[in-house]
Amino acid sequence: MKTKKVPMRMCLGCQQMKPKKELIRIVKRAKDSVVQVDLTGKVPGRGCYICKDINCLEKAFKNKRLEKALEVPISDEIYEQLKREIEDEE
């Protein structure tokens, strides 16, 4: 049997390629430019990914990598939601 290809994405915190299923997606919706956390990975729009690791989130926040990737300012509510999501995983 043919092995299935695993989609890889880069974490904005540690800059490492990891399987898409292990990461959390943050998406800017195409029609209204609203930024939201996408746990399903299916919301249409421009997305970026971050590890389920608090250090990666802090590194991405400090260097404003989410804002650069999505090209919009990110509210503190999104960072708080991401922090809660990561803490719930651990």
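First, the ground rules. This is a predicted model, so to speak of a local feature we need pLDDT of at least 70, side-chain atom pairs count only at pLDDT 80 or more, and totals for chains, interfaces and linings use all residues. Residues are numbered from 1 along each chain as its sequence is written, and side-chain values use heavy atoms, with hydrogens and water left out.

Let's begin inside. The largest nonpolar core has 23 residues, and I26, I50, L66, I74 and L82 touch the most other members. By nonpolar core I mean a set of buried Ala, Val, Leu, Ile, Met, Phe, Trp, Tyr and Cys residues joined through side-chain atoms within 4.5 Å. At least two residues of this core come from each of β3, β4 (35-38), β5 (45-51), α1 (54-62), α2 (65-70) and α3 (76-89). Those labels are DSSP runs numbered from the N terminus, with helices (H or I) of at least four residues and strands (E) of at least two. As for I26, setting aside residues up to four places away in sequence, its contacts are V35, Q36, R46, G47, C48, I50, L66, L70 and L82; contact means heavy atoms within 4.5 Å.

Now the charges. How many salt bridges does the structure hold? There are 2, where a salt bridge is a side-chain nitrogen of Lys or Arg within 4 Å of a carboxyl oxygen of Asp or Glu. One of them joins the side chains of D38 and R25, at 2.7 Å from N to O. This pair links distant parts of the chain, with D38 in strand β4 and R25 in strand β3, 13 residues apart. Are its two partners buried or exposed? D38 counts as buried because its relative accessibility is 4%, and R25 counts as buried at 9%. The cut-offs are under 20% relative accessible area for buried, over 50% for exposed, and partly exposed in between, using a 1.4 Å probe and protein chains only.

The side chains of R29 and D32 also meet in a salt bridge, at 2.8 Å from N to O. Here R29 is partly exposed, with a relative accessible area of 26%, and D32 is partly exposed too, at 38%.

Two other charged residues are worth a look. K28, in strand β3 (residues 23-29), is buried yet has no salt bridge, and the nearest side chain of opposite charge, E71, is 4.4 Å away. For charge, Lys and Arg count as positive and Asp and Glu as negative, while His and the chain ends are not counted. Beyond its neighbours within four places in sequence, K28 has contacts that include S33, P44, R46 and E71.

Then there is E85 in helix α3. E85 is buried without a salt bridge, and R84, the nearest side chain of opposite charge, is 7.1 Å away. Outside four places in sequence, E85 is in contact with I24 and L39.

Also in helix α3 is K83, which counts as partly exposed because its relative accessibility is 31%. K83 touches I54 and L57, not counting residues up to four places away in sequence.

Finally, the surface. Which residues make the nonpolar patch of about 360 Å²? They are V6, M8, M10 and M17. Patch residues have over 30% relative accessible area and no salt bridge, with like charges joined within 9 Å and nonpolar side chains (Val, Leu, Ile, Met, Phe, Trp, Tyr) within 5 Å. Areas come from the Shrake-Rupley method with a 1.4 Å probe, and for residues only the protein chains shown count as cover. V6 sits in the segment before β1 (8-10) and is partly exposed, at 49% relative accessible area.
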